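Please keep the structure in view while reading.

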Amino acid sequence: MSLINITRTGPIWQLQMARPPVNALNPALCLALADAVEQAVAEGAGGIVLAGGAKVFSAGLDVPYLLSLGDDQEALLQAWSAFFRAARALAASPIPVVAAMAGHAPAGGCVLALCCDYRIMANGPFRIGLNETQVGLVAPEGIQALLARVVGPHRAERLLVAGAMPEAEEALRIGLVDELTDIDEVNARAHAWLQALLDLPSMPMRETRAIARRDVVAALAPERIDLERFVAQWRHPDTQAALRAMLARIGK
């Protein structure tokens with residue numbers, strides 16, 4: 001079974017993550033997503049809709065899988081590298097990408113959305129944010145920069161330090177998402193927003209977009225992620241204890 005369901009509607013490719021129940025981002029899903037983005041670009045797509053599941057866009061990194069790797073630093077590096085390959089594919093895409101979030105988008109799910117041009121979320125009790133401190137992690141500087149880019153530095157600081165995940169209406173108010181709509185209309189609104197962009201003269205739109213998004217690409221530069229340091233922190237006793245406590249709470 002494919003981990004990414006691809007639907008083509010004219011120049012728009014919809015890439016739907018398909019790893020039930022919550023699209024937990026293991027290496028296979030991350031690499032499949034990166035490959036699908038690259039395939040869409042190579043085959044002449046005009047734009048991409050990135051979709052997830054109903055009620056959960058993506059629950060973030062697959063923590064049980066990561067914990068199963070134990071102290072295997074090389075395996076941990078490979079797993080996190082796969083995630084950042086997916087994030088970079090979205091951030092550096094030469095065609096616009098809209099995140100269609102019909103549900104929650106914590107942690108890694110939020111990072112993928114921040115790498116997109118535009119974020120549409122279902123209206124309702126759905127949450128989005130970087131809750132890393134809640135589960136014992138430190139968001140890398142580059143990821144923090146992505147959040148600050150959309151909500152401003154002071155608000156980003158407050159959200160990051162607390163590991164806060166605002167609900168949809170608050171996320172819209174602070175600029176973390178761009179638009180709310182009914183859960184059944186998320187994908188349709190994403191297509192409509194993207195089509196309006198594609199109706200513009202192509203060269204000026206794409207060149208302007210590339211200039212405007214240079215900071216998104218720069219935020220994911222290896223030196224701003226410092227993956228080896230991040231993996232070393234992953235193995236810290238405080239982090240491991242917090243992650244295992246989280247899994248116990250959700251019954252994993």
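A residue is called buried when its relative accessible area is under 20%, exposed when it is over 50%, and partly exposed in between, as found with a 1.4 Å probe on protein chains only. By that scale Asp-226 is partly exposed, with a relative accessible area of 37%. The model is predicted, so that local features need pLDDT of at least 70 and side-chain atom pairs count only at pLDDT 80 or more, while totals for chains, interfaces and linings use all residues. Residues are numbered from 1 along each chain as its sequence is written, and side-chain values use heavy atoms, with hydrogens and water left out.

**Backbone features**

- Helices (H or I, at least four residues) and strands (E, at least two) are DSSP runs, numbered from the N terminus.
- Asp-226 lies in the loop between H11 and H12, and its phi is positive, near 50°, although the residue is not glycine.
- Ala-107, also not a glycine, has a positive phi of about 50°; it is found in the loop between S6 and H4.
- With 16% relative accessibility, Ala-107 counts as buried.
- The peptide bond from Pro-20 to Pro-21 is cis, with omega near 5°, and Pro-21 sits in the loop between strand S2 (12-17) and H1.
- In H5, the buried residues include Gly-142, Ile-143, Leu-146 and Leu-147.
- Gly-152, which follows H5, has a positive phi near 95°.

**Pockets**

- Rolling a probe the size of a water molecule over the atoms shows where empty space is left.
- A pocket is an open set of points, on a 1 Å grid over the protein atoms alone, where a 1.4 Å probe fits and protein lies on both sides within 12 Å along at least five of seven lines; lining residues have an atom within 4 Å of a point.
- Grid points are joined across faces, edges and corners, and a volume is the space filled by probe spheres set on the points.
- The largest pocket holds about 750 Å³ of space.
- Its lining has 36 residues, of which Ala-59, Gly-60, Leu-61, Val-63 and Met-246 are the closest to the centre.
- Among the elements that each supply at least two residues of this lining are helix H3 (73-91), helix H12 (227-234) and helix H13 (237-249); the largest share, four residues, comes from H13.
- For the classes, Ala, Val, Leu, Ile, Met, Phe, Trp, Tyr, Cys and Pro count as nonpolar, Asp, Glu, Lys and Arg as charged, and the others, Gly among them, as polar.
- The lining of the largest pocket divides into 27 nonpolar, four polar and five charged residues.
- The second largest pocket holds about 160 Å³ of space, and its lining includes Val-138, Glu-141, Asp-226 and Phe-230.
- Helix H5 (141-151), helix H11 (222-225) and H12 each give two or more residues to the lining of the second largest pocket.
- That lining comprises five nonpolar, two polar and five charged residues.

**Aromatic pairs**

- Rings of Phe, Tyr and Trp (its six-membered ring) pair if their centres lie within 6.5 Å; planes under 30 degrees apart count as stacked, over 60 as edge-to-face and the rest as tilted.
- The count comes to five aromatic pairs.
- Trp-80 and Phe-83 form an edge-to-face pair, 6.3 Å centre to centre with 90° between the planes.
- Because they are three residues apart in helix H3, Trp-80 and Phe-83 are separated by about one helical turn.
- Trp-80 also pairs edge-to-face with Phe-230, at 4.6 Å centre to centre and 75° between the planes.
- Since Trp-80 lies in helix H3 and Phe-230 in helix H12, this pair ties together parts that are 150 residues apart in sequence.
- Trp-80 is buried at a relative accessible area of 5%, and Phe-230 is buried at 6%.
- Ring pairs link Trp-80, Phe-83, Phe-84, Phe-230 and Trp-234 into a cluster.

**Cysteines**

- A disulfide is a pair of cysteine sulfur atoms within 2.5 Å, and the structure holds zero disulfides.
- The sulfur of Cys-110 is 9.5 Å from the closest cysteine sulfur, in Cys-115, which is too far for a bond.
- For Cys-116 the closest cysteine sulfur, in Cys-115, is 6.9 Å away, also too far for a bond.
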